[in-house]
Amino acid sequence: MLINKNKRLMIFLVSLITFLIIFKFLFNTLRSNTIYFFSPSEILKLSKLPEKKIRIGGMVKKNSINEKGDKYEFVLTDFNQEISVTYSGILPNLFVEGQGAVVEGKLVSRKYFIGTKILAKHDENYMPKEVADSLKKINNTKKIK
Amino acid sequence: MKNIFNSRRIINIHNSYLDLLKIIFLILLIIGLSLSFFYSPADYLQGETVRIMYVHVPSSWLALMIFSAMSVCSLISLIFKYRIFTIFTKSLAPIGFTFSLISIFTGSLWGQPTWGTFWTWDARLTSMMLLVFLYISYIMSWVLIKNIFTAEKISSLISIFGLANIPLIKYSVIWWNTLHQPASIKFLEKSTIHESMLTPLILMFFAFACFSLMVFLIRFKVESFKLKVLREKK
C-alpha cells in the first residue's frame, strides 16, 4: 500500500514537472501570438505595418476629440507615444476623454489609424459620482497651486 | 485522520446545520440585494449598470474557487485514494459550472452598454470560456463513461490539468492587453472600489458562498447515496 502511494506520488511529480515545462513553452508562444490590442509604443516598434485589421488601445487624450458631422478624430496615447485615429459611426456611451478605448481598424502609417469599430475600456475604479467630482476638485486645486 | 472525512459524519453535520445555513443565506441575500439595488450609489461613469457587478464578481470568484477546490480534492483522491474526495469533487462540479455560466452571461450583459459589445476574444473572456468547457467536460465524463472507476480517473485528471487555467484567468488581465479591466480588489493593496460599493459586493459574495455550501451538502448526500446503491448492485 505504502509503495503504491509513493509510486503514485512520483508519477504525479514527474508529470507535474513535464506539464509545467510544456505549459511554459505554450505560454510563451501564446503570449507573443495572441495580442488583443497594440499600444501606440508597440506600433512604433513593429518591423512592418500589418496588412490585416488590428486593434490599438490606449487613453483618449484630453481635449483631442474633434467632431465633423458623423466623423470623429481623436488621439490615443499611452503617455509615451501617440497615434491619431479617425472614425465614423456611433460612439459607445463610455467613450470619453481621459478614459481608455480600443479601436479596431487599419493602420495607415505608424501615426495614423482608420477605425471601423470602437470599444470603450473601463478601468478598475468604481466610485459614486459625488466622490469622482470631489476628487476632480482636489486635483484641480492642486494644479492651480 | 480518515475519520474526519467519514461520509456518515458529514451527513450528520448536514442534517443539523442545514437549517441554520438556510437562515444565514436568506439574511445575507436580503441585505446584500437591497444594498446592491437600492442603497448603493450609481457609478460616476457606468451609471446604473454597475449593479450587475454585484452578481458578476461574486459568481466569477466562486467559479474559480470551486474549480481550485475540485482540483485539490481530485489530487487527494487520485494519489492517496481517499474515495470520499471524489464525491466532494463530483458534488461541487455543477455548482461551479452554474456560477461560471452566470459570470459569463452577466458579464456580456454588462459588456454591451459599457464596452459596446457582448463578446470579444480577449484573454480574460477566452480563458473564462475555457473554464466553462472544463466544467462541462468534467461533468460529461461522469455521464458518458459507464465504468465508474474509469470515470473517476478521467474526470480527476480533467480537473487536475484544468487547474493550470485558474492562474491564467486570474492573471490574464496583467499578462496580456485585455479589454477586461484589471482586478479592483487586491490582496495587499487598497481596493479601487469605493466602500459604499464594496460592502454589497462582499455581502453578496458571502451569500453566494453560503448558497454553494448549502447545495454542496445536499448534493453530497445524494452523490454518496448513489455510490452506495451502485456498490450494493455489484
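Me: Which class does B:K81 fall into, buried, exposed or partly exposed?
Reply: The structure is a predicted model, in which local features need pLDDT of at least 70 and side-chain atom pairs count only at pLDDT 80 or more, while totals for chains, interfaces and linings use all residues. Residues are numbered from 1 along each chain as its sequence is written, and chains are lettered from A and ligands numbered from 1 in the order in which they are written. A residue is buried if 20 or more other C-beta atoms, placed from the backbone, lie within 10 Å of its own, exposed if 12 or fewer do, and partly exposed in between. B:K81 has 13 C-beta neighbours inside 10 Å, so it counts as partly exposed.

Me: Is A:F79 buried or exposed?
Reply: A:F79 lies in the loop between β3 (71-77) and β4 (82-88) of chain A, and it has a positive phi of about 65° although it is not a glycine. There are 11 other C-beta atoms within 10 Å of A:F79, which means that the residue is exposed.

Me: How many residues lie between β3(A) and β4(A) in their hairpin?
Reply: Two strands pair if DSSP finds at least two bridges between them, and β3(A) and β4(A), which run antiparallel, are joined by seven bridges. Within this pairing, A:F74 stands opposite A:V85 in β4(A). The two strands form a hairpin with A:F79 in the turn, and the number of residues between the strands is four.

Me: Which residue in the turn between β2(A) and β3(A) has a positive phi?
Reply: Strand β2 (residues 66-68) of chain A pairs with β3(A) in the antiparallel sense over three bridges, and A:E67 stands opposite A:Y72 in β3(A). These strands form a hairpin with two residues between them, and the residue in the turn with a positive phi of about 65° is A:G69.

Me: In β5(A), which residue is the bridge partner of A:I54?
Reply: Strand β1 (residues 54-60) of chain A and strand β5 (residues 100-109) of chain A pair in the antiparallel sense over six bridges. β1(A) also pairs with β3(A) in the antiparallel sense, over two bridges. On the β5(A) side, the bridge partner of A:I54 is A:G105.

Me: With which residues is A:T116 in contact, leaving aside its neighbours within four places in sequence?
Reply: A:T116 is found in strand β6 of chain A, and this strand (residues 112-120) runs antiparallel to β5(A), to which eight bridges join it. With 12 C-beta neighbours inside 10 Å, A:T116 counts as exposed. Two residues are in contact if their C-beta atoms, placed from the backbone, lie within 7 Å. Leaving aside the neighbours within four places in sequence, the contacts of A:T116 are A:E104 and A:G105.

Me: What distance separates the centres of domain 1 and domain 2 of chain A?
Reply: Chain A is divided into domain 1 (1-34) and domain 2 (40-120), with bounds that come from an automatic or database domain assignment. Taken over C-alpha atoms, the distance between the centres of domain 1 and domain 2 is 42 Å.

Me: Which sense do α4(B) and α5(B) have relative to each other, roughly parallel or roughly antiparallel?
Reply: Axes are lines fitted to C-alpha atoms, for helices over the stretch in contact, and angles run from 0 to 180 degrees between N-to-C directions. Angles under 35 degrees count as roughly parallel, over 145 as roughly antiparallel, 65 to 115 as roughly perpendicular and the rest as oblique. Helix α4 (residues 123-144) and helix α5 (residues 148-162) of chain B pack at an angle of about 170°, with their axes 8 Å apart. The sense of α4(B) to α5(B) is therefore roughly antiparallel.

Me: How many charged residues does the side of chain B that touches chain A have?
Reply: On this side, 32 residues of chain B are in contact with 29 residues of chain A, and α2 (53-80), α3 (84-114) and α7 (195-233) of chain B each supply at least two of the chain B residues. Ala, Val, Leu, Ile, Met, Phe, Trp, Tyr, Cys and Pro count as nonpolar, Asp, Glu, Lys and Arg as charged, and the others, Gly among them, as polar. Beside 18 nonpolar and twelve polar residues, the number of charged ones is two.
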